[in-house]
Amino acid sequence: MRFAIGLLTILAIASVIGTVLKQNEPYTNYAFEFGQFWFLLFETLGLYDVYHSGWFLTILAFLVLSTSLCILRNGPGFVKEMKAYREKASDTSLSLMSHSVSIAGQVDPDAVAARLKVQGFRIKEHMREDGSRVLAAKKGAANKLGYFFAHIAMVVICIGGLMDGNLPLKLGELSGRVVPETRDVPQSQIPAQSRLSAANLSYRGNVTIAENRSADVVFLNAGKGYLVQELPFAVTLKQFHVDYYSNGMPKLFASDIVVTDKATGKETAATVRVNHPLVIDGVAIYQASFGDGGSPLELNAWNLAQPQLSPVTIKGVSQAAQPLRANDKDYTLEFGDLKVYNVENMAKTGADVDKTLAQKMQDAREVKHEKSLKNVGPSITYKLRDAQGQAHEYHQYMAPIQQEGANYQISGVRRQLSEPFQYLRIPLDDEFTLQRFMRLNAAFSTPALYDEVARRTADKALQGGAISPAVRTQFESSVKWVLDRFASGGFPALENFLDARVPEDKRQAVAQTYVKILQGTVGDLMAVADSRAGVAPAKFDETHYRFLLDSLVASSALHDYGAPVYLQLTGFDQVQASGLQLTRSPGKNLVYLGSLLLVIGIILMFYVREIRVWLVFRSGAVRLAMTSNRHNRDLDRDFEREREALELLVREQP
C-alpha cells in the first residue's frame, strides 16, 4: 500500500510538471529557454513529454497490474463480507463488543424487527439450538462498494492513460521500428519508418493550412525530430474569419473547413471555433491559432551603399525565399510571417515619475501597471543571408509609428535568434515618407557638397559672432572633416578618433564641439540637398529641427544596420492561414469514466456508514450489540437510541 501511494504521488507530481511545463515543443525552444545544463537534465528526466515518457507509462502499467491483482485477491472476501449477516455470532463475541448491553425483560422480536426495517435495516433471523432467537440486521453495505469503485477507477484511469500515452508507439520507438526524422525535407520524402498510419492509437499534432489549401497529415514532435501522422481524411480550409477588438487584440477566430474522407470521398463541411471542435472518425479538430498563409508582398529597396539612387520595387511572398543582388553581391532574402495586427504597449515608461510616494505604494498594492495597448499596423520579418550563409534578421513595420509627437519608420535588427531586436527609428517627413531622410543621408555621403555646406555654415557663424574672419578657413576645414568622419561611420567614428588622438582630459570638450558643428551643419546640408533635388526647403522651426537631429541619430545607426539595402514594406495582399490541432485520444472517455467511478467510490466510502445490529432474545433477557465501520460519536448516539427504544418496548410488554 505504501509503495502504491508512493507511485501515485510521483504521478501527481509528474502531472503537475506536465501541466506547468508546455509539452512537445521543439527541443530548440527548451534549450533557448532553460540553457544547456537544465535542458540536458530535463531531457534525461523526460520532462518535455511527461505523459509519453517510458517511466511514466511504466508506473501506469505497474499500477494497473498491482491494483487489478489487489481487486482479484481481495474482491471475493469483500463480496462475501457484504452478503454476510453474521447471524451465528456467539454470545461471547457479542458481549465483548464495545457497544453491547443485556436488558432484563421480555420483548416481541417481531416488533423489534419491524422497527429496524423502518430504519432501513435488512434482517436475517437465526434460531439457536438452545432455543434463543437471533436477529442480525445491517445497513450501509454499499460502503464497501466504495472500495471497489475506487480501485476499479484507478485501473480504468491508468488504462486510459496508457492508451493516450500510446504505449504501442513507445514500444515501436524502443524496438527501432519507428525512428523520428531529423532532416528538413519535404513531407513526401520522409521514409516509412518516420510515418505513422491512420490507425495509430493516439496522437496530438498541429497543422497550419492556408486558405484554399488542404492537408492530410500532421507533424508530431518526437524528441529531437518529428514524425508524420497520416490522417484518415483531408482537411481543406475554405475561409478563415477573425474579429478584433478596437485595440487590435483578437476577439474571435474561426475556420470554415471541409473534411473529405479518403476511403469514401464523403465531404463534411463545418465551422471550427475555439472550444468548439469538430469530431470525425474519433479525431477531434480544434481551432488552435492563426497566422500568415504566404502573402504577396511589395517593398521599396533603398540602396544604403548608394543612397542617392531612387528605391527599387521588390515583389515577394511571405514565408518564402528568393535571390537578391545588391552592389554586385548575391544574397538570399528569406521572408518570415506577415503580421497584419501588432498590438504593442505604447504607455510611457516614465509615466509614474510625477506620482507621489503614496500613489506609487497604492499602485504596488493593486499590482497596477499603466498600459496603453495599440495596434501599430502590419509588419514583416525577414532574413538577409550572404553567400557565406551569415544572416541578419529584420523586423519591419509598415505604418508610421508616432512617438513623443513625431512620426517614425521603425525597423528592428538582430544578429542572433537569442538576441532581442535593436530598433532603428527613421524620422518621416511632412508627407510621411522616407524621401527627405534618404536625401539627407545621401548628402552625407557626397563630398562634393561639403564646400557649399561649409561656406554656408561659416557665413552663419560669422554673422552670429561665433568665429572671427581670421579662423574662417580653419573652421570650414573642420566642418568638412567632421562631415567626412561622420559619413564614414557615424558617431562611433568620431568617438574612435577622440579615443585615439585626443587626450582624455580634453575629450569631453572636443566631443561637444563636434556635436555642435554637426547640429549647426545638418540644416545647411539638408538645404543644399533639397536645392540640388529641386525641392523647396522646409521651414526651419522646432518640428523640422527635431527631424534633422533625429536624422543624425538614424544616419549614424544605419552604419550598424548590417544590410546593403533598407527594405520598406509598401503593400501586401493578405493570405490567412488557420492553425488546427488534431487529436485522437481514445483513452479520454475511460479517464472520464474512471473519474466518475472515483467520485462515487469516495462518496460511498466517506458518506455511507455501515452499521450492524444483533439482538439475542432469551427467556427473561435481551442482548443488544452494535458495531460500525467507523467508531465515532454517531455510533454512540445510535446505540443509545436503540437501547432506549428496546427498554421502552420491554416496559410496554404485558
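Begin by selecting Leu171, which is partly exposed, with a relative accessibility of 48%. The model in the viewer is a predicted one. Leu171 belongs to helix 7, which covers residues 167-175.

**The whole protein**

A cartoon display will show 15 helices and 26 strands. The protein is more spread out than a compact globule, because its radius of gyration is 41 Å, well over the 26 Å given by the globule rule for 654 residues. Along the principal axes, the C-alpha atoms occupy a box of roughly 145 × 70 × 45 Å.

Switch to a surface display. The accessible surface of the protein amounts to about 35,800 Å². Carbon and sulfur atoms contribute 55% of that area. Of the 654 residues in the protein, 41% are buried.

**Aromatic residues**

Return to the cartoon and show the side chains of Phe, Tyr and Trp. The structure contains 29 aromatic pairs. For one of them, select Phe78 and Phe148: the ring centres are 5.8 Å apart and the planes meet at 80°, so this pair is edge-to-face. The angle decides the matter, because planes over 60 degrees apart count as edge-to-face. The pair connects distant parts of the chain, since Phe78 is in helix 3 (residues 54-83) and Phe148 is in helix 6 (residues 143-164), 70 residues apart.

The two partners can also be viewed against the surface. Phe78 has a relative accessible area of 28% and is partly exposed, whereas Phe148, at 18%, is buried. The cut-off for a buried residue is under 20%, so Phe148 falls within that class.

For the last stop, select Tyr27, Tyr30, Phe34, Phe37, Trp38, Phe39, Phe42 and Tyr48 together. These residues form one aromatic cluster.

Conventions
Residues numbered from 1 in each chain as written. Heavy atoms only, no water. Helix = DSSP H or I, 4+ residues; strand = E, 2+ residues; numbered from the N terminus. Rg over C-alpha atoms; globule rule 2.2 N^0.38 Å. Buried < 20%, exposed > 50% of the residue type's maximum accessible area, 1.4 Å probe, protein only. Areas by Shrake-Rupley, 256 points an atom, 1.4 Å probe, with all protein chains shown as cover. Phe/Tyr/Trp six-rings, centres within 6.5 Å; stacked < 30°, edge-to-face > 60°.
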